[in-house]
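Look at the sequence and the model below before reading on.

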Amino acid sequence: MDDEPMWAADHVVAPTPGSAITIPETANEFAIKGTIETWDELQTAFISRFFPPALFDRLLGEIRAFSQHENESLTDAWLRMKEMLRNCHGHNLSKGNIIKIFYHGLSEITQEVLNAAAGGIFLYKTPNQAYQLLEDKVLLKL
């Protein structure tokens, strides 16, 4: 027993015919009840169990209400926005929407800094150009 990996156990789940995943005994507390026959069903069951709609709605609401904190740098604000997006899996916001939400949540001074960095009005950039400009500003600071 001490020679086996700690994750090895007695339970085996076969998500598709011919494949198997070994699950530790303690994983029963994470079990998803019911019959799951497809990967889509597994994904839906997993997300509803560990990422309930109320949590998703709250996280998406926080993203849409983004605002720069007092004395927060542009870099820190962008990193915080990216963390919020990572925490809200499946937010389905386009790059353009993310950029608009972020820009409008910034202080006027920070908006002017971005406009200067863009060589004009920041929001006139394409979503890819705007996103890359933000990433470049972060890389310069880090």
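In this predicted model, helix α2 covers residues 53–64 and helix α3 covers residues 74–87. Their axes come within 9 Å and cross at roughly 160°. Angles over 145 degrees count as roughly antiparallel, so α2 is roughly antiparallel to α3. The crossing in which α2 passes α3 is left-handed.

Which residues make the contact between α2 and α3? From α2 come Leu59, Glu62 and Ile63, and from α3 come Met81, Met84, Leu85 and Asn87. Sorted by class, the contact of α2 with α3 has five nonpolar residues, one polar residue and one charged residue.

Helix α3 also packs against helix α4, which spans residues 95–104. Two numbers are used for such a pair: in general, two packed helices are described by the angle between their axes and the distance between the axes. For α3 and α4 the angle is about 135° and the axes are 11 Å apart. The crossing of α3 and α4 is right-handed.

On the α3 side, the residues that meet α4 are Leu74, Ala77, Trp78, Met81 and Leu85. Their partners in α4 are Ile98, Ile99, Ile101 and Phe102. By class, the contact of α3 with α4 has nine nonpolar residues, with no polar and no charged ones. Met81 and Leu85 are listed in the contact of α3 with α2, and both are also listed in the contact of α3 with α4.

Now follow the chain into the loop between α3 and α4, where histidine 91 is found. Is histidine 91 buried or exposed? Its relative accessibility is 19%, and buried means under 20%, so histidine 91 counts as buried. Leaving aside neighbours within four places in sequence, histidine 91 is in contact with Phe56, Leu60, Leu85 and Ile98. Of these, Leu85 is one of the α3 residues that meet α4, and Ile98 is one of the α4 residues that meet α3. The side chain of histidine 91 also has a polar atom that lies 2.9 Å from the backbone nitrogen of leucine 93.

Asparagine 92 has its place in the loop between α3 and α4 as well. With a relative accessibility of 73%, asparagine 92 counts as exposed, because exposed means over 50%.

Most residues other than glycine have a negative phi. Asparagine 92 is not a glycine, yet it has a positive phi of about 60°. Asparagine 71 also has a positive phi, of about 65°, and is not a glycine either. Asparagine 71 lies in the loop between α2 and α3, and at 78% relative accessibility it counts as exposed.

Finally, step back to the whole chain. The protein has six helices and two strands, and from the N terminus on the elements run β-β-α-α-α-α-α-α. Buried residues make up 27% of the 142 residues. Among contacts between residues at least 6 apart in sequence, 41% join residues at least 24 apart.

Key
Residues numbered from 1 in each chain as written. Predicted model: local features only at pLDDT ≥ 70, side-chain atom pairs only at ≥ 80, totals over all residues. Heavy atoms only, no water. Axes fitted to C-alpha atoms, helices over the stretch in contact; angles between N-to-C directions. Helix = DSSP H or I, 4+ residues; strand = E, 2+ residues; numbered from the N terminus. Parallel < 35°, antiparallel > 145°, perpendicular 65-115°, else oblique. Left-handed = near helix turned anticlockwise from the far one by under 90°. Contact = heavy atoms within 4.5 Å. Nonpolar A, V, L, I, M, F, W, Y, C, P; charged D, E, K, R; others polar. Buried < 20%, exposed > 50% of the residue type's maximum accessible area, 1.4 Å probe, protein only. Polar contact = N/O pair within 3.5 Å; in protein donor to acceptor, adjacent residues only side chain to side chain.
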